[in-house]
Amino acid sequence: MTLLCNPTHNAADPTGDYLMAIDAGTGSIRAVIFDTQGNQVAVNQAEWRHLPDPAIPGSMDFDLDNNWQLACGCIRQALQHAGLAPQAIRAVATCSMREGIVLYDRHGKPIWACANVDARASREVAELKELHEYCFEREVYEYSGQTLALSAMPRLLWLAHHRPDVYRRAATLTMISDWLAYMLSGELAVDPSNAGTTGMLSLSSRDWQRSLLDMAGLRADMLSPVRETGTALGEVTRVAAHACGLAAGTPVIMGGGDVQLGSLGLGIVRAGQTAVLGGTFWQQVVNLPAPMTDPDMNIRINPHVIPGMAQAECISFFTGLTMRWFRDAFCSEEKSIAARMGVDAYSLLEEMAARVPVGSHGVMPIFSDAMHFKSWYHAAPSFINLSIDPDRCNKQTLFRALEENAAIVCACNLEQIARFSGARSPSLVFAGGGSKGKLWCQILSDVTGLVVKVPEVKEATALGCAIAAGVGAGIYPSLAETGERLVRWEREYQPDMENHRRYQEMKTNWQAVYADQLGLVDHGLTTSMWKAPGL
């Protein structure tokens, strides 16, 4: 179902040059058109669903046929609403959610795919962890920066166990962004930023580490060529042009993973630069001075789209989803008032929460833990330290407490990255839906003690993808230079250092309380909000 189709900046010039990004997220597919100055001209979006196989617990299939049709519809509608002829698109690139994989037979036909949230291979994760006297996962991490829970190897092993017909037929493996590029161009390849999440690619060489598949007893003959983001892949074929409305011969350029391309779109392209991407999940990303891994295996490390650069990534679970749950479950009155006023319900709740003092009267939300990649699970969701005094414990108090807690988890994760990498920055970029909240921006600045910069761009991932298209088409000189040039700033927040001191104390207390809450899960007394496969 198409959800959104609207021009966003100046009307398109039919004689100008434009770039298209095709962005495949977890919940939707979008085609976004930019001019060469980085202005968004049009976007069309369609929701998609990844349906489980009822017979396979944890499965989340990716519907190749239907999702390609949705992508084609988005491309056609974006061109139509921009008022552009297909020939106005100088180049197209693709990006996607990471971890989702697609397999092809020897004739190039896609035969099997799963989404990033697929968790069918829990038993295979545990099996691989036991290889080589329990050192296999450590070796995977040191080469690739990934652990087994979200990687491709357990899924391939699951196929070998449960769908040997598919496993035998598989001749090539790519990521979902590469599948989109293949459907456009007929060319198969992967880029490091997305393929790095398979756990089979070396951080240092930015190429496949075939020895890992050999150690796991998996085939290493299905790995696609690796090409860097921003390099030419092929051209839109006549068949694809007929299906999607782009002109045959339009250059198709290598794209990449959503977070890394989002970092490019935010100008996060130099060592030490830091961003917090606030969506359903919150990601804290820090560019590393050199490829390296965390000795404690707490932090995920990915190849950046910038050649030779690696990026530390921490994930806060369900941050945006938790706020939506709170709004929908407890704030129906505020939603009605906001609708009558013509404002966003979150804005109204932030106005209320701004009157609550720092610390939210001691209320501690227990939702996402700081990241512990090697053994990743969370406590049962709850609020600790509630009061029965309605003046001290009410909706605005809980709302502020959730915003403060999200910032505290971010700060914990950034400290973990700094401890092993030495990468520290005096500022961070805050983007995504969370950055719309002015109170949340100030809380994030106060908790971290850093200057918080909010960009104008609202489609950072798509912009990064368009930059890759422009570099591959020869419009821009390089990824890094263009990312820095096109980013524009909307707001900036300075930390209140007295509030920072108080939040440091809160963070220490929260860490102790959260550890106790994990103990309740360990003893089977409460239910974890989420556990990684294989735990």
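Which residues point one way from β3, and which the other way? Ser28, Arg30, Val32 and Phe34 point one way, Ile29, Ala31, Ile33 and Asp35 point the other way, and all are buried (under 20% relative accessible area with a 1.4 Å probe, protein chains only; over 50% would be exposed, in between partly exposed).

## What you're looking at

This is a predicted model, where local features need pLDDT of at least 70 and side-chain atom pairs count only at pLDDT 80 or more, while totals for chains, interfaces and linings use all residues. Residues are numbered from 1 along each chain as its sequence is written, and side-chain values use heavy atoms, with hydrogens and water left out.

The chain averages a pLDDT of 94, and 97% of the residues score at least 70 (pLDDT is the predictor's confidence in each residue, from 0 to 100). Over residues 1-7 the pLDDT is below 50, though this stretch has 22 contacts in the model beyond near neighbours in sequence (a contact is heavy atoms within 4.5 Å).

Strands here are DSSP E runs of at least two residues and helices are H or I runs of at least four, numbered from the N terminus. Two strands pair if DSSP finds at least two bridges between them.

On one hand there's β2 (residues 18-24), antiparallel to β3 and joined to it by seven bridges. Ala24 stands opposite Ile29 in β3, and a hairpin links the two strands through three residues. Then there's β4 (residues 40-47), also antiparallel to β3 with seven bridges; here Val32 stands opposite Val43. That hairpin has four residues between the strands, and Gly38 takes a positive phi near 85°.

## Cavities

A search of the whole structure finds four cavities of 30 Å³ or more. On a 1 Å grid over the protein atoms alone, a cavity is a set of points where a 1.4 Å probe fits but cannot get out, and lining residues have an atom within 4 Å of a point. Grid points are joined across faces, edges and corners, and a volume is the space filled by probe spheres set on the points.

The largest cavity holds about 100 Å³. Of its 13 lining residues, Thr319, Phe367, Leu402, Asn405 and Ala406 are the closest to its centre. α15 (395-421) and α12 (319-330) each supply at least two lining residues, and α15 gives the most, with four.

The second largest cavity has a volume of about 50 Å³. Among the residues lining this second cavity are Asp118, Arg155 and Pro533, and α2 (122-129) and α5 (153-162) each supply at least two.

Conventions: On a 1 Å grid over the protein atoms alone, a cavity is a set of points where a 1.4 Å probe fits but cannot get out, and a pocket is an open set with protein on both sides within 12 Å along at least five of seven lines; lining residues have an atom within 4 Å of a point.
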